[in-house]
Amino acid sequence: MIQRKQTIFLVLAIIALLICMVSPVMSLTPNGMGADDVVYNLWIVDGSNATMSYKVWPMFCSLLIATAVGFIAIFKYKNRKLQMKMCFLCNLMIVIWVILYVLYGMVILPKDSEMNFSLTACLPVIAAFFFMLARKGIRDDERLVRAADRIR
């Protein structure tokens with residue numbers, strides 16, 4: 001049923017991912033003089049000349065896929081096994097986002113700057129927690145249905 005507790009968890013996870021997609025996830029402070037570069041999930045805004053670079057677009061794609069799959073999972077309540085697989089796929093995409101976040105922050109972005117984390121970088125981890133709770137609720141519903149089928 002669509003009004004189950006796992007639907008609430010899926011909606012909360014989607015909201016957290018959407019907020020993270022549009023908010024800055026880190027800033028890069030140069031060691032010398034200069035303005036901070038602000039990193040979003042889709043682009044980097046150069047603070048000194050206000051240009052945008054799209055080096056970090058894979059981070060956006062992983063969150064976009066997780067959000068879309070999570071939204072579709074809400075309406076697949078009749079197929080609980082597929083819904084559980086979709087929650088697992090969302091968590092996998094969030095793990096990929098975390099790997100990309102660390103990779104971009106430590107390796108790819110400029111070495112002569114200091115990386116400052118943003119609080120919105122924690123939202124995908126919170127969304128992963130909500131996806132795990134939703135998957136647990138879906139699994140519990142599946143067990144309940146199987147137990148009811150055995151009684152008949």
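Me: What makes Val98, Val102, Leu103, Met106, Val107, Ile108, Phe117 and Val125 a nonpolar patch on the surface?

Reply: In this predicted model, these residues have about 710 Å² of accessible area together, where areas come from the Shrake-Rupley method with a 1.4 Å probe and, for residues, only the protein chains shown count as cover. A patch takes residues with over 30% relative accessible area and no salt bridge, joining nonpolar side chains (Val, Leu, Ile, Met, Phe, Trp, Tyr) within 5 Å and like charges within 9 Å; a salt bridge is a side-chain nitrogen of Lys or Arg within 4 Å of a carboxyl oxygen of Asp or Glu. Being a predicted model, it needs pLDDT of at least 70 for local features and 80 or more for side-chain atom pairs, while totals for chains, interfaces and linings use all residues. Residues are numbered from 1 along each chain as its sequence is written, and side-chain values use heavy atoms, leaving out hydrogens and water.

Me: Why is isoleucine 108 called partly exposed?

Reply: Its relative accessibility is 42%, and because buried means under 20%, exposed over 50% and partly exposed in between (1.4 Å probe, protein chains only), the middle class applies. Isoleucine 108 is found in helix α3, which spans residues 80-108 and gives the most to the nonpolar patch, with six residues.

Me: Why is one side of β4 and of β5 left without a neighbour in the sheet?

Reply: The open sheet has the order β4-β3-β2-β1-β5, with antiparallel pairing. β4 (52-53) and β5 (113-117) stand at the edges, so each has a single partner strand. Strands are DSSP runs (E, at least two residues), as helices are (H or I, at least four), numbered from the N terminus.

Me: How do you know that β1 and β5 pair?

Reply: Five bridges join them, and two strands pair if DSSP finds at least two bridges between them.
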